[in-house]
Amino acid sequence: MLTSITLVIDVITGHVSAESSCQTTDGRYEVSVTGKSINIETTPQIIAFYAYISKDLYPGAGRRLVFDVTKTNQGKGYNSHTGVFTCPQTGIYVFVWVIRMHLSEHSTELMINGSVYGSTYLYAKNSVDGSVSGTVVAHVSKGDTVYVRNNLARAGVGMIASDKDGKSTFSGWILQ
């Protein structure tokens, strides 16, 4: 009579063990254990997003920038309605944002959980057009939020441009 079977898989080492026990007619239990190593491969989840602003903006101080057109959203972490990336998996991430301006000056900030992790500034008032980019590499935990905003203390002047001649973009991806 078979009373139990237990299967144990150790994902780290690839060791598999199976145990079964049965009761003999004289009331004793017999236990047998077998083990075998197998190669278990796991594929890491790809997390990456890329979005851009579809039209020119005139943001105020502290306003979150919403990159409303999503071209890539592997892992489904980026929300094009709010402009917020919610981290689906803990890891080291790279975030890049590019802000294009026309006869403007603005300072932008990359925010992680409400804290400034990176900032940019461009004074493009005397030239026809200009762009500035920022890059941040950070450890981000599952559920953390990341977004780009106009500087809280510096409202900026003029528009953030995004059109056929160049787009303001926000992207990010996991390294590990």
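A search of the whole structure, which is a predicted model, finds nine aromatic pairs. Rings of Phe, Tyr and Trp (its six-membered ring) pair if their centres lie within 6.5 Å; planes under 30 degrees apart count as stacked, over 60 as edge-to-face and the rest as tilted. Take Phe49 and Phe170: the ring centres are 4.9 Å apart and the planes stand at 80 degrees, so this pair is edge-to-face. The pair links distant parts of the chain, with Phe49 in strand β4 (residues 48-52) and Phe170 in strand β13 (residues 169-174), 121 residues apart. Strands here are DSSP runs of E, at least two residues long, numbered from the N terminus.

Buried means under 20% relative accessible area, with a 1.4 Å probe and protein chains only.

Tyr93 and Phe95 form a stacked pair, 5.8 Å centre to centre with 10 degrees between the planes; both residues are buried. Ring pairs link Phe49, Phe67, Tyr78, Phe85, Tyr93, Phe95 and Phe170 into a cluster.

I turn to the chain as a whole. Buried residues make up 39% of its 176 residues, and its secondary structure comes to 13 strands and zero helices.

Finally, the conventions. Residues are numbered from 1 along each chain as its sequence is written, and side-chain values use heavy atoms, leaving out hydrogens and water. In this predicted model, local features need pLDDT of at least 70 and side-chain atom pairs count only at pLDDT 80 or more, while totals for chains, interfaces and linings use all residues.

Definitions and conventions
Helix = DSSP H or I, 4+ residues; strand = E, 2+ residues; numbered from the N terminus. Buried < 20%, exposed > 50% of the residue type's maximum accessible area, 1.4 Å probe, protein only.
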